[in-house]
Amino acid sequence: RTFHSIGLPSYLTTKMDKQFERPTLIQCSAVPKILLQKHNPNHEPLSDLIISDITGSGKTLSFVLPLIANTNNFSSHLQTVIVVPTRELSVQMHKVVSDLCTGGSKKRKANPVRVLRLAGSPGNDAAIETLIRERPHILIGTPQILSYVLCKEKSVDLSYMSHVVLDEVDQLLSLPGDRKACLDLIQYSGKASKNFLKSQKKAADESENDGSTEVERRQLVFVTATVTPEVENLAAAVMKNVHRCSSQDDREEWERRKSNFRFTQTDESNSNDSNSASNVPAHLKHHFLVCNNSTLVDFCDEAAKAIRALKQQKTRKQGGVGVLLF
C-alpha cells in the first residue's frame, strides 16, 4: 500500500514518499478512519479511535497526517487539539506538525495550516493573548494549560473543533491534575460540538435543499503504546462507536511483513505468543549500556565512548554503523 492509496492528498504524499518507502501498518489502519471525519462520501458511521501499537510503529504520523488533511486552512477557527503529557513532547509534536504543514500549492502557501504550541502553567495570560492573536487551526500543549485557556477562560470558540487527540493517554491519566484537565477538555469540546450540531441540523431543516448541510461531530482519539485499565475505563465513559486501530488489523499484510523481521521476546513467559513480540529487523543488533552515574552529562559521555567503539568495529567502507540512542 502507498500513502496515496490510504487517502492522503498529494501535498502530503509527496513529502512522505521522499522519506518513507510505504506507510506502516498502524498508519494504514488509522489514517482512513480519521479522514472519514471530513471525507465521507459513502456516509460511513464515524468512530472514536484508540490507536495502540508498539513504540516506533509510526503512531504519531498515523494521526498527524489525516488531521492536517482534514484541516480547512481557509477557516479562522480552531479545529484540532493535540494533548501531550510533557512540554518536551509538545516541542517535538509541534515540529513534526509544522514541518508537514509547509509547502504545497500557491493557495496553500498563501493560506497555510496554522499550528500553535502553548507552554506555561494555568494562569498564564500571555498564552491567552497568543492564542487569540495567532488563531491556530491546530493547537498543541500539555493538559492543564489547554484546559485553562479553552475551558476555564473560554478564549476561543470550540464549535468548529473536529478532533481532540490525547497522545500517550496512559501517561496523561497517571497524574490527578492532568487527568482532570483531560476530562474537562473532552467534556467541554463535546458540549460545544453538540451545540454546533443542533444549529447545523436546524439550518438543514430550514434550507431549501432539505438537509444537504454537512453535519459532523467531534472525533476523540486516544493514542498509546499500552492500553491500561484506566484507558479502557475512560474510553467506555466518553467515547462513542469506538474503533481500535492496530498493526494487525490487516492480518494478511501483517503476516507478509512479519516474515521480514526477527522476533525477540521481552517476556520469556510469553515465548509462544508471537503477538507479544517486538519487531526487530534482522540486521539490527542491540547493545545495552549501563551507566554508574545517573547524571545526563556522564551518561552522554559514556554513550559517546560506546558509539566510538562500535564505529571502530565496523568501518564506513564496510557499510557503517548507525546508532539509535534512547
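This is a predicted model: local features need pLDDT of at least 70, side-chain atom pairs count only at pLDDT 80 or more; totals for chains, interfaces and linings use all residues.

Trainee: Okay, the serine. Where is Ser 62 found?
Mentor: Look at helix α3, which covers residues 59–70; Ser 62 is in there.

Trainee: Is Ser 62 buried or exposed?
Mentor: Buried: the relative accessible area of Ser 62 is 0%, and the cut-off for buried is under 20%.

Trainee: What lies 2.4 Å from a polar atom of the Ser 62 side chain?
Mentor: That's the backbone oxygen of Lys 59.

Trainee: And which residues does Ser 62 touch, leaving out those up to four places away in sequence?
Mentor: Ile 26, Gln 27, Ala 30, Val 31, Ile 34 and Ile 51.

Trainee: Let's switch to α2. How many of the residues of helix α2 are buried?
Mentor: Nine of the 11, so helix α2, residues 25–35, is largely enclosed by the rest of the structure. Among the buried ones are Ile 26, Gln 27, Ala 30, Val 31 and Ile 34, and Ser 62 touches each of those five.

Trainee: Now the largest nonpolar core. Which of its 36 residues touch the most other members?
Mentor: Ile 51, Phe 63, Ile 68, Ile 82 and Val 97. Elements giving two or more residues to this core include α1 (10–19), α2, β1 (48–52) and α4 (87–101). The element that gives the most is α3, with seven residues.

Trainee: Back to Ile 51, then. What does Ile 51 touch, not counting residues up to four places away in sequence?
Mentor: Its contacts include Ile 26, Ala 30 and Ile 34, along with Lys 59, Ser 62 and Phe 63. Val 221, Phe 222 and Val 223 are also among the residues Ile 51 touches.

Trainee: New topic: loops. What's the phi of Arg 135?
Mentor: About 45°, which is positive although Arg 135 is not a glycine. Arg 135 lies in the loop between α6 (125–134) and β4, and it is partly exposed, at 46% relative accessible area.

Trainee: And what about the phi of Lys 154?
Mentor: Near 50°, again a positive value in a residue other than glycine. You'll find Lys 154 in the loop between α7 (143–152) and β5 (163–167). Lys 154 is partly exposed, with a relative accessible area of 48%.

Notes
Residues are numbered from 1 along each chain as its sequence is written. Side-chain values use heavy atoms; hydrogens and water are left out. Helices (H or I, at least four residues) and strands (E, at least two) are DSSP runs, numbered from the N terminus. Buried means under 20% relative accessible area, exposed over 50%, partly exposed in between (1.4 Å probe, protein chains only). A polar contact is a pair of N or O atoms within 3.5 Å; within protein, one must be able to donate a hydrogen and the other to accept it, and residues adjacent in sequence count only if both atoms are side-chain atoms. Contact means heavy atoms within 4.5 Å. A nonpolar core is a set of buried Ala, Val, Leu, Ile, Met, Phe, Trp, Tyr and Cys residues joined through side-chain atoms within 4.5 Å.
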